[in-house]
Amino acid sequence: LGRHVINGMLNKALLGQTVRTAIRMLDNVIDLNFYPTKEAENANLRHRPIGLGQMGFQDVLFKLDIPFASQAAIEMADYIGEVIGYYAILASCELAQEKGAYSSFKGSKWDRNIFPIDTIDILEQERGIKINVSRISRIDWSQVRELVQECGMRNSNVLSVAPTATISNIAGCYPCIEPMYRNLYVKSNIAGEFTIVNRYLIEDLKKLNLWNRQMLELIKYYDGELGMIDAIPQNIKEKYKGAFEIDPIHLLHITAARGKWIDQSQS
């Protein structure tokens with residue numbers, strides 16, 4: 001996601017292009033896969049489920065100067081979730097137009113014009129409890145809904161969020177939808193021990209002429225947390241709070257905002 005922040009803004013068109021490429025790739029995997037059992041092969045070829053996820057949400061917040069523990073972070077998660085959801089469903093629909101819908105499409109929620117966002121009201125009615133999650137859309141979904149009714153969907157499920165711990169290391173971004181662990185820590189694996197320092201924090205401290213050996217030692221002393229370092233401005237402390245400094249209930253609000261666009265689940 002961080003690579004889609006261009007000139008201080010999330011580039012919606014670029015993200016849409018990436019999503020459409022990814023959906024085609026994931027759909028191709030269904031046909032190219034080796035299936036160890038006939039049952040698995042039958043299920044996958046009949047329903048064609050895929051799960052497009054996301055990683056680097058923390059990178060986006062750092063690049064846009066948004067603290068994870070803020071209302072703005074909830075709104076950004078909501079917006080990214082909607083953009084990815086919109087283009088993913090559109091891409092699956094376009095693939096159905098090109099190659100045909102999945103065979104069990106008839107009677108599905110898609111066929112009945114029930115999209116992920118619509119299921120909150122259904123769940124609310126079943127529970128009999130108010131679900132305090134915004135239903136606001138920033139994108140006009142009418143065209144996609146009409147296209148799904150006309151052409152169907154190539155995939156029974158389209159969106160999910162996996163942990164991405166290893167591939168995020170390879171890609172050089174923060175894992176999944178998570179806040180960073182700490183600003184400074186040591187990671188160990190079979191290749192040895194590696195000191196991990198938050199490069200975004202270093203850049204901001206350099207701009208303030210605060211990055212030096214003494215500052216590094218202070219960050220080490222406080223185990224990667226900035227709260228007790230008087231020399232660091234409060235806005236920088238807020239921006240670079242680690243996972244254990246953020247209220248977990250706030251993280252659940254972010255998850256809820258994103259989750260309403262997802263047709264499967266989030267890890």
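Analyst: Start with aromatic pairs: rings of Phe, Tyr and Trp (its six-membered ring) pair if their centres lie within 6.5 Å; planes under 30 degrees apart count as stacked, over 60 as edge-to-face and the rest as tilted. One aromatic cluster is formed by Y86, Y87, W110, F115, W141 and W261. This is a predicted model: local features need pLDDT of at least 70, side-chain atom pairs count only at pLDDT 80 or more, and totals for chains, interfaces and linings use all residues. Residues are numbered from 1 along each chain as its sequence is written, and side-chain values use heavy atoms, with hydrogens and water left out.

User: How many aromatic pairs does a search of the whole structure find?

Analyst: The search finds 14.

User: Why is the pair of F62 and Y200 called tilted?

Analyst: The centres are 5.1 Å apart and the planes are at 45 degrees. F62 lies in helix 3 (residues 57-63) and Y200 in helix 8 (residues 199-207), so the pair ties together parts 138 residues apart in sequence. Helices (H or I, at least four residues) and strands (E, at least two) are DSSP runs, numbered from the N terminus.

User: What makes F62 buried or exposed?

Analyst: Buried means under 20% relative accessible area, exposed over 50%, partly exposed in between (1.4 Å probe, protein chains only). F62 has 2%, so F62 is buried. Y200 has 8%, so Y200 is buried too.

User: Which kind of pair do the rings of Y181 and Y185 form?

Analyst: Their centres are 5.0 Å apart and their planes are at 85 degrees, so the pair is edge-to-face. Y181 is partly exposed at 38%. Y185 is partly exposed at 26%.

User: What lies over the face of F115?

Analyst: R145 does, at 4.5 Å from the ring centre. The rule asks for NZ of Lys or CZ of Arg within 6 Å of the ring centre and within 35 degrees of the ring normal. R258 lies over the face of F57, at 5.2 Å.

User: How do you know what helix 4 should span?

Analyst: The expected span is 1.5 Å times one less than the number of residues. Helix 4 (residues 71-99) has 29 residues and should span 42 Å; its end C-alpha atoms are 42 Å apart, which agrees. Of its 29 residues, 22 are buried.

User: What joins strand 3 to strand 4?

Analyst: Six bridges join strand 3 (residues 184-189) to strand 4 (residues 192-197), and the two run antiparallel. Strands pair if DSSP finds at least two bridges between them, so these two pair. They form a hairpin with two residues between them.
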